[in-house]
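Dear colleague,

I am passing on a structure that you have not worked with before. Please have a look at it first, and then read the notes below, which go through what was found in it.

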Amino acid sequence: MSRSSIAIADTCFLIDWARFRRRNVLFKLFRTVFVPEDVLNEVRSEQTVAWIAEGLSRDRLALYTPSRNEVEEARALVEESRLKPQLPSIDLPEAICLVAGRRRGYVVLTENRGALLAPKYMREYSGVTVWRALEIILNAVMADVVSIDCSRPEEIFDEYSSDTLHIFPAKALSRAVEEVRRKCVRK
């Protein structure tokens, strides 16, 4: 992932990520992380609001105002997600992120299962890159943006879980830790 990359984040991602002790690693992976207006309207946590305000003031985060066409596409995506039984429903803020990801090539940052699965079950979104905190942490380690103790490759993932109380899916976590182990062996 190049430093010039741009991401767009939804509410669930920002709330969790703001609690992570290494939260600023996000800005080493992405030049800009957009926060849609609809997402900003959903945030209630003082810690998250403070972190977003600091990010906005330092030009690390930026406000994203979707166009009318993007909002219309996002509303259609919300409706479509409710018609697909294999896909958990997607709400408007996540849909706006997916639309921006599709139209502008932004990496979508989310923990929302519907948004995570949309590229798999919706052909028009198949090219959208969607990352959870797990993929961000893994990519940060792989790009040497964050250093780890190779004797404990799972430690950074454990830190995130401890800080945020977020439990990673076991299979995905196991694959990520194994990838970090392989990187450590290659060093």
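A crossing of two helices is called right-handed if the near helix is turned clockwise from the far one by less than a right angle, and left-handed if anticlockwise. Please keep in mind that this is a predicted model. In it, helix H8 (residues 133–142) passes helix H9 (residues 155–164) in a right-handed crossing, and their axes come within 10 Å and cross at roughly 145°. On the H8 side the contact is made by Ala133, Leu134, Ile137, Leu138 and Val141, which meet Ile156, Phe157 and Tyr160 in H9; the residues of this contact divide into 8 nonpolar, no polar and no charged.

Phe157 and Tyr160 also belong to one aromatic cluster, together with Phe13, Trp17, Phe20 and Phe168.

The count of aromatic pairs comes to 11. One of them joins phenylalanine 34 and tyrosine 106, whose ring centres are 5.2 Å apart and whose planes lie at 20°, so the pair is stacked. This pair links distant parts of the chain, since phenylalanine 34 is in strand S2 and tyrosine 106 is in the loop between helix H6 (92–104) and strand S4 (107–109), 72 residues apart. Both phenylalanine 34 and tyrosine 106 are buried.

Strand S2 (residues 32–36) also holds threonine 32, which counts as buried because its relative accessibility is 16%, under the limit of 20%. Leaving aside neighbours within four places in sequence, threonine 32 is in contact with Ser5, Ile6, Ala7, Arg60 and Ala62.

Finally, the charged end of arginine 102 sits over the ring of tyrosine 125, 5.7 Å from the ring's centre.

Conventions. Residues numbered from 1 in each chain as written. Predicted model: local features only at pLDDT ≥ 70, side-chain atom pairs only at ≥ 80, totals over all residues. Heavy atoms only, no water. Axes fitted to C-alpha atoms, helices over the stretch in contact; angles between N-to-C directions. Helix = DSSP H or I, 4+ residues; strand = E, 2+ residues; numbered from the N terminus. Contact = heavy atoms within 4.5 Å. Nonpolar A, V, L, I, M, F, W, Y, C, P; charged D, E, K, R; others polar. Buried < 20%, exposed > 50% of the residue type's maximum accessible area, 1.4 Å probe, protein only. Phe/Tyr/Trp six-rings, centres within 6.5 Å; stacked < 30°, edge-to-face > 60°. Lys NZ or Arg CZ within 6 Å of the ring centre and 35° of its normal.
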